[in-house]
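Let's take a walk through this structure together. Have a look at the sequence and the fold first, and then we'll go from one site out to the whole chain.

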Amino acid sequence: MVEEAPIRLLIAASGTGGHLFPAIALAQKLPEYEIEWLGVPNRLETQLVPRHYPLHTIAVEGFQQGFGISSFRILGKLIGSILDVRRILKQGNFQGLFTTGGYIAGPAVIAARSLGIPVVFHESNALPGKVTRFFGPWCDAVAVGFDVAAQYLPRAKNVYVGTPVRSQFLDPGINVSLDLPIPDGVPLIVVFGGSQGAVAINQLVRQSAPAWFAAGAYVVHLTGDKDPEADSLKHPQYIALPFYDNMAALLRRANLAISRSGAGSLTELAVCGTPAILIPYPFAAEDHQTYNAKVFTKAGAALAFQQSELTTEILQNQVLELLHSPSELAKMGEKAKAIAIPDSADKLAQLLREVVER
Ligand SMILES: CC(=O)N[C@H]1[C@@H](OP(=O)(O)OP(=O)(O)OC[C@H]2O[C@@H](n3ccc(=O)[nH]c3=O)[C@H](O)[C@@H]2O)O[C@H](CO)[C@@H](O)[C@@H]1O
């Protein structure tokens, strides 16, 4: 009997943790596939994508507001990148393409569809990005992370699967213990601003934190690596780190999170049942983080504040109020858990197999 050759899949996911982690989680659910990666030079994929998925890089750029002189240069680059992806797909004999959106998705979807290669798109945000809205109808399926996203994609074949999380969030055996010096039983606040940190939130938190320390709380503050004042606060109940890998253990242990409302962060908060104060990134494309946050506030899983309205005083008091009301925090945590789809990666892998193998 001749053994069948494994199916070859190209994953186009690039730029941020929010685009990369769901794709890595999917890849881990497809052990029988031969997977290679498509990314952009010098972006996070060069660090985060496991080495056993060979990484191809192409130069892509997004269109900024409007269409000007520089748009012709970008258009030229787009055509070049479509040709690059077509060459990679053909030379690698790929039978399927998966993408999590962003700039890389445009050339990847055009190249794959022009070669008749099936495409599955995953959109994790409540308000799908422009690229998803434009290219969604060309794809064989658009998997959405929030059910409300489907209303913005009326011509696409939408399937609600949630957003896959890293395996550390699903297997309690992995990384269970928190490798940070936090005593048992003390209230823990975790602050993080997406995969790159949020300088504006960092400033508010450093100003607010002394009142939380006085209330007995510990703070783990993931600052990102772009904050020049990241080391400025020193306190025995305060730990600042530019980035932390063991997020599942940290969010499970946290009594409260203060976070941006990127889709990845929200999905993890839900899976861990962590109550949160959300501060949408005000400059996110089409304010999509506000749409994400609304899903959580509507469910009663979080409170949300626009950055422009949030003062140190408001944040400080809101956190103190929640710390003094453990039953309210527990309720929010339960509501967060209720909207989680922990087996999202399995659902997405199943959808991908159906599309690619039919
Ligand atoms: C600024 C911006 O436009 N961000 C977008 C970006 O995600 P971005 O990567 O900014 O944010 P996400 O919330 O989606 O993901 C952050 C990820 O980084 C991880 N993390 C963070 C800090 C840390 O120290 N360690 C760590 O592992 C988090 O656990 C999470 O998995 O793509 C997402 C998916 O399209 C969008 O929803 C976000 O709005």
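**From the annotated site to the whole chain**

Residues are numbered from 1 along each chain as its sequence is written. Keep in mind that this is a predicted model, where local features need pLDDT of at least 70 and side-chain atom pairs count only at pLDDT 80 or more, while totals for chains, interfaces and linings use all residues.

Let's pick out Gly18, which sits in helix α1, residues 17-28. (Helices are DSSP runs of H or I with at least four residues, strands are runs of E with at least two, and both are numbered from the N terminus.) Is Gly18 buried or exposed? Gly18 is buried, because 26 other C-beta atoms lie within 10 Å. The cut-offs go like this: 20 or more other C-beta atoms within 10 Å of a residue's own make it buried, 12 or fewer make it exposed, and anything in between is partly exposed, with C-beta atoms placed from the backbone. Leaving out residues up to four places away in sequence, Gly18 touches Ser124, Gly194, Ser195, Gly262, Ala263 and Gly264. Here, contact calls for C-beta atoms, placed from the backbone, within 7 Å of each other.

Arg166 counts as buried because it has 23 C-beta neighbours inside 10 Å. Its contacts, again not counting residues up to four places away in sequence, are Phe21, Ile24 and Ala25.

Now for the ligand. It is surrounded by 24 residues, and the closest are Gly17, Gly18, Gly194, Gly262 and Gly264. (A residue is near a molecule if its C-beta atom, placed from the backbone, lies within 6 Å of it.) Helices α1, α8 (263-272) and α9 (288-298) each give at least two residues to this shell. By type, the shell has nine nonpolar residues, 14 polar and one charged. Ala, Val, Leu, Ile, Met, Phe, Trp, Tyr, Cys and Pro count as nonpolar, Asp, Glu, Lys and Arg as charged, and the others, Gly among them, as polar.

Where does the shell come from in terms of domains? At least three of its residues come from each of domain 1 (8-163 + 343-357) and domain 2 (170-339), with bounds taken from an automatic or database domain assignment. The centres of the two domains, taken over C-alpha atoms, are 29 Å apart. Their contact takes 16 residues from domain 1 and 14 residues from domain 2. On the domain 1 side, those residues divide into seven nonpolar, nine polar and no charged.

Key:
Two residues are in contact if their C-beta atoms, placed from the backbone, lie within 7 Å.
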